[in-house]
Amino acid sequence: AVALTNLGNILLKAGDLAAAGRLYDESLALHREVGNAVAVGAALCQLGELRREQGDLAGARGAYEEALSIQQSVGQEGRVAESLRGLAEVSLAAGDLADARRRAESALALRESLRERLPVAESRLVLSRISLEEGRPDPAVSLARLAADEFGRRGAIDDQAVAHCALARSL
């Protein structure tokens with residue numbers, strides 16, 4: 001199942017969403033069959049990301065909500081934050097800025113409490129995009145700068161470039 005997920009990740013990055021989806025579905029089915037709740041939650045997060053990329057916001061929301069429920073039940077705080085961030089992205093794409101902000105702020109607070117620097121930067125970047133959509137460029141700029149700086153310190157060059165693009169849009 002892990003190999004299927006890894007291959008799905010490669011296909012997702014390559015842009016073959018349909019093939020990635022088939023592999024993620026198969027991986028999820030295997031994890032469910034084995035009864036590994038932690039792996040099921042992780043697989044659902046990946047499926048949520050894929051569904052969001054495909055524009056299937058209802059499917060993405062369903063996957064992230066199921067993942068969130070599982071992750072909360074097994075006490076995986078980092079994964080809970082990941083699901084909250086994913087749900088924030090779905091709400092942002094759907095235009096529900098209040099829900100997007102609420103979920104993104106919850107994800108950020110949890111990531112900060114866990115001292116997870118790259119995921120903190122990711123959450124700040126989501127909040128930057130939300131602020132921009134809300135017509136609040138000042139916090140959008142500040143959050144994008146913080147994210148870009150953290151990505152740079154951690155050597156996450158691709159993420160840093162994304163944050164710089166967000167910063168440029170905010171100015």
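Visitor: Which helix is Ser 142 in?
Guide: In this predicted model, Ser 142 sits in helix α8.

Visitor: Buried, exposed or partly exposed?
Guide: Ser 142 counts as partly exposed, because its relative accessibility is 38%, and that class lies between the 20% and 50% limits.

Visitor: Left-handed or right-handed crossing?
Guide: α7 passes α8 in a left-handed crossing.

Visitor: Which residues make that contact?
Guide: From α7 there are Arg 117, Leu 118, Ala 121, Glu 122, Arg 124, Leu 125, Leu 127, Ser 128, Ser 131 and Leu 132. From α8 come Pro 139, Ala 140, Leu 143, Ala 144, Leu 146, Ala 147, Glu 150 and Phe 151.

Visitor: How do they divide by class?
Guide: The contact of α7 with α8 has 12 nonpolar, 2 polar and 4 charged residues.

Visitor: And α5 with α7, what's the geometry there?
Guide: Helix α5 (residues 77–94) packs against α7 (residues 117–133) at about 20°, and their axes are 11 Å apart. Angles under 35 degrees count as roughly parallel, so α5 is roughly parallel to α7. The crossing of α5 past α7 is left-handed.

Visitor: Which side chains are involved, and of what class?
Guide: α5 contributes Arg 85, Ala 88, Glu 89 and Leu 92. α7 contributes Glu 122, Ser 123, Val 126, Arg 129, Ile 130 and Glu 133. By class, that is 4 nonpolar, 1 polar and 5 charged residues.

Visitor: New topic: how many residues are in the largest nonpolar core?
Guide: It has 22 residues, and Leu 28, Leu 44 and Leu 47 have the most contacts inside it. The elements giving two or more residues to this core are α2 (17–34), α3 (37–53), α4 (57–74), α5 and α6 (97–114).

Visitor: What is Leu 44 in contact with, leaving aside neighbours within four places in sequence?
Guide: Leu 28, Arg 32, Ala 63, Glu 66, Ala 67 and Ile 70.

Visitor: What about the second core?
Guide: That one is separate and has 11 residues, including Ala 121, Ala 148, Ala 163 and Leu 167. Ala 121 is also one of the α7 residues in the contact with α8.

Methods. Residues are numbered from 1 along each chain as its sequence is written. This is a predicted model: local features need pLDDT of at least 70, side-chain atom pairs count only at pLDDT 80 or more; totals for chains, interfaces and linings use all residues. Side-chain values use heavy atoms; hydrogens and water are left out. Axes are lines fitted to C-alpha atoms, for helices over the stretch in contact, and angles run from 0 to 180 degrees between N-to-C directions. Helices (H or I, at least four residues) and strands (E, at least two) are DSSP runs, numbered from the N terminus. Angles under 35 degrees count as roughly parallel, over 145 as roughly antiparallel, 65 to 115 as roughly perpendicular and the rest as oblique. A crossing is left-handed if the near helix is turned anticlockwise from the far one by less than a right angle, and right-handed if clockwise. Contact means heavy atoms within 4.5 Å. Ala, Val, Leu, Ile, Met, Phe, Trp, Tyr, Cys and Pro count as nonpolar, Asp, Glu, Lys and Arg as charged, and the others, Gly among them, as polar. A nonpolar core is a set of buried Ala, Val, Leu, Ile, Met, Phe, Trp, Tyr and Cys residues joined through side-chain atoms within 4.5 Å. Buried means under 20% relative accessible area, exposed over 50%, partly exposed in between (1.4 Å probe, protein chains only).
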